[in-house]
Amino acid sequence: MGRLKGKRVLITGASGGLGKVTALEFAKEGAKSIAVHYSTSEDKALKTLSEIKKLGSNGITVKADVSDYEEVKSMIDLVAGKFGMIDVVVAYAGYPASKEDWFADPLDLSDDALDNPWNVDLKGSYHCIRAAVPHMKRQKHGNIVLVSSTPGVAGDAVGLGFTLAKSAVRGLVRSLAPVLGPNIRINAIAPGSIGTEANLNTYTKDQMNDLIETVPLKRFGKPLEVAKVAVFLASDDSSYIDGQTIVVDGGEVRL
């Protein structure tokens, strides 16, 4: 407990899924203030904020289309003004691919199927970095955690648009670590098959069983298991880890 004591944090995509679980875990670890970002569902964001406050942290909700840099800059400037500074940015916001998009023929994708995840997952992450770094440089410290995926590490036969964007997120981390150091760290998490509501709704029971057979630990991961890695990367426990992607997938991808 308390590994994030006093930290002021922005978590994009925190109104639900992995982002919400991470926001609650950050509150349990003593984060002082948490900005809960959402793009469409204010009600979900407010519910997350209410749960955060019950755990003893302060916070606000903030809305932005992360594919739009000016909206992201306004959001981050607002958070920095409200909190006094931003110690940590965690970028979970991602494009919600439909089953049709995910399982579409990878050699017959529309431009939208390629552009949508690129604009949200990749450009959205870059926009957060670009807007947050000036604040972090003035503070002379900062920590950025992005979210890739195991398809972004090893490739996948489905979800090509998503895979390309998540691969590029890893490129951001590798390329910007030497630019942002020594006072700002940047790392990524690459979740595998995690039992989020979105993932459980994407696959049939047979498809899920097939996926589980490829995982050495023989189960889907728990959202909390990803959130705990985000806590680790955002805390001083990872003070000598920079420019890395931490795979959280039960051993399916072995580096």
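**Exercise 1. Determine whether Lys-20 is buried or exposed, and find its salt-bridge partner.**

Step 1. Lys-20 has a relative accessibility of 19% and therefore counts as buried; buried means under 20% relative accessible area, exposed over 50%, and partly exposed in between (1.4 Å probe, protein chains only).

Step 2. The model is predicted: local features need pLDDT of at least 70, side-chain atom pairs count only at pLDDT 80 or more, and totals for chains, interfaces and linings use all residues. Residues are numbered from 1 along each chain as its sequence is written, and side-chain values use heavy atoms, with hydrogens and water left out.

Step 3. Side chains of opposite charge can pair when their charged atoms come close. A salt bridge is defined as a side-chain nitrogen of Lys or Arg within 4 Å of a carboxyl oxygen of Asp or Glu. Lys-20 meets Glu-51 in such a bridge, at 2.9 Å from N to O.

Step 4. Lys-20 belongs to helix 1 and Glu-51 to helix 2, so the pair ties together parts 31 residues apart in sequence. Helices (H or I, at least four residues) and strands (E, at least two) are DSSP runs, numbered from the N terminus. Glu-51 is partly exposed, because its relative accessible area is 25%.

**Exercise 2. Explain which parts of the chain are tied together by the salt bridge between Glu-25 and Lys-228.**

Step 1. The closest N and O atoms of Glu-25 and Lys-228 are 3.2 Å apart.

Step 2. Glu-25 lies in helix 1 and Lys-228 in helix 10 (residues 223-234), so the bridge joins parts that are 203 residues apart in sequence.

Step 3. Glu-25 is buried, with a relative accessible area of 7%, whereas Lys-228 is partly exposed, at 41%.

**Exercise 3. Describe the salt bridge of Arg-3 and the network to which Arg-3 belongs.**

Step 1. Arg-3 pairs with Glu-29, and their closest N and O atoms are 3.6 Å apart.

Step 2. Arg-3 is in the segment before strand 1 (8-12), and Glu-29 is in the loop between helix 1 (17-28) and strand 2 (33-38); the pair therefore ties together parts 26 residues apart in sequence.

Step 3. Arg-3 is partly exposed at 34%, while Glu-29 is buried at 6%.

Step 4. Salt bridges link Arg-3, Glu-29 and Asp-237 in a network. The count for the protein comes to ten salt bridges.

**Exercise 4. Identify the residues that form the negative surface patch, and the element that gives the most to it.**

Step 1. Patches are made of residues with over 30% relative accessible area and no salt bridge; like charges are joined within 9 Å, and nonpolar side chains (Val, Leu, Ile, Met, Phe, Trp, Tyr) within 5 Å. Asp and Glu count as negative.

Step 2. The patch gathers Glu-100, Asp-101, Asp-111, Asp-112 and Asp-115. Helix 4 (99-102) and helix 5 (111-139) each give two or more residues, and helix 5 gives the most, with three.

Step 3. Asp-111, in helix 5, is exposed because its relative accessibility is 58%.

**Exercise 5. State which residues make the nonpolar surface patch.**

Step 1. Leu-114, Trp-118 and Leu-164 make a patch of about 250 Å².

Step 2. Leu-164 is placed in helix 7 (residues 160-180) and is partly exposed, at 40% relative accessibility.

Key
Areas by Shrake-Rupley, 256 points an atom, 1.4 Å probe, with all protein chains shown as cover. Charge placed at Lys NZ, Arg CZ, Asp CG, Glu CD.
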